[in-house]
Amino acid sequence: MEIKKAATAGTLESSDCMVTVEPGEGKIDFSLESSVIHQYGNQLRKVALETLKNLDIDNVRITIVDKGALDCTLKARIEGAVYRSVDQYENLPWGGAIR
């Protein structure tokens, strides 16, 4: 899948995260801001990169502003932003179809 335009999903509320995806420059450009980065930064990065891999995305600029989101929330926000970026709003494989 190829990111076609910038898109965002999520909020800056507690226990959520804001994910922004933009077309990349031939690689995954990853940016993470979190108040718990020292405790969970590696896990957040791992989940984000695995989700991008499962969506077959290897060319993206992704920015995550985390406010204590669980892994499942982070995955959902990444998926939402990616699908918005390619204008896919119907027939989404929610509910476990995306690993």
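**The hairpin and the sheet**

Analyst: Let's start with S1 and S2, which form a hairpin with six residues between them. In that turn, Ser15 has a positive phi of about 70°. This is a predicted model, where local features need pLDDT of at least 70, side-chain atom pairs count only at pLDDT 80 or more, and totals for chains, interfaces and linings use all residues. Residues are numbered from 1 along each chain as its sequence is written, and side-chain values use heavy atoms, leaving out hydrogens and water.

User: What makes S1 and S2 a pair?

Analyst: Pairing requires that DSSP finds at least two bridges between two strands. Strand S1 (residues 7-10) and strand S2 (residues 17-23) have four bridges, in the antiparallel sense, so they count as paired. One example is Gly10, whose bridge partner in S2 is Met18. Strands here are DSSP runs (E, at least two residues), while helices are runs of H or I with at least four, numbered from the N terminus.

User: How do you know that S2 also pairs with S4?

Analyst: Seven bridges join S2 to strand S4 (residues 60-66), and the two run antiparallel. Within S4, Thr63 stands opposite Thr20.

User: What makes S1 and S3 edge strands?

Analyst: The open sheet has four strands in the order S1-S2-S4-S3, with mixed pairing. S1 and strand S3 (28-34) each pair on one side only, which makes them the edges. On average, neighbouring strands of this sheet are turned by 10° against each other, direction ignored.

**The two helices**

User: Why are H1 and H2 called oblique?

Analyst: Helix H1 (residues 37-54) and helix H2 (residues 71-85) pack at an angle of about 40°, their axes 10 Å apart. Axes are lines fitted to C-alpha atoms, for helices over the stretch in contact, with angles from 0 to 180 degrees between N-to-C directions. Under 35 degrees is roughly parallel, over 145 roughly antiparallel, 65 to 115 roughly perpendicular, and the rest oblique. H1 and H2 are therefore oblique to each other.

User: Which residues make the contact between them?

Analyst: With contact meaning heavy atoms within 4.5 Å, H1 contributes Gln43, Leu44, Val47, Ala48, Thr51 and Leu52, and H2 contributes Asp71, Leu74, Lys75, Ile78 and Glu79.

User: And where do the helices lie on the strands?

Analyst: H1 lies across S3 and S4, running at about 145° to S3. H2 lies across S1, S2 and S4, at about 150° to S1.
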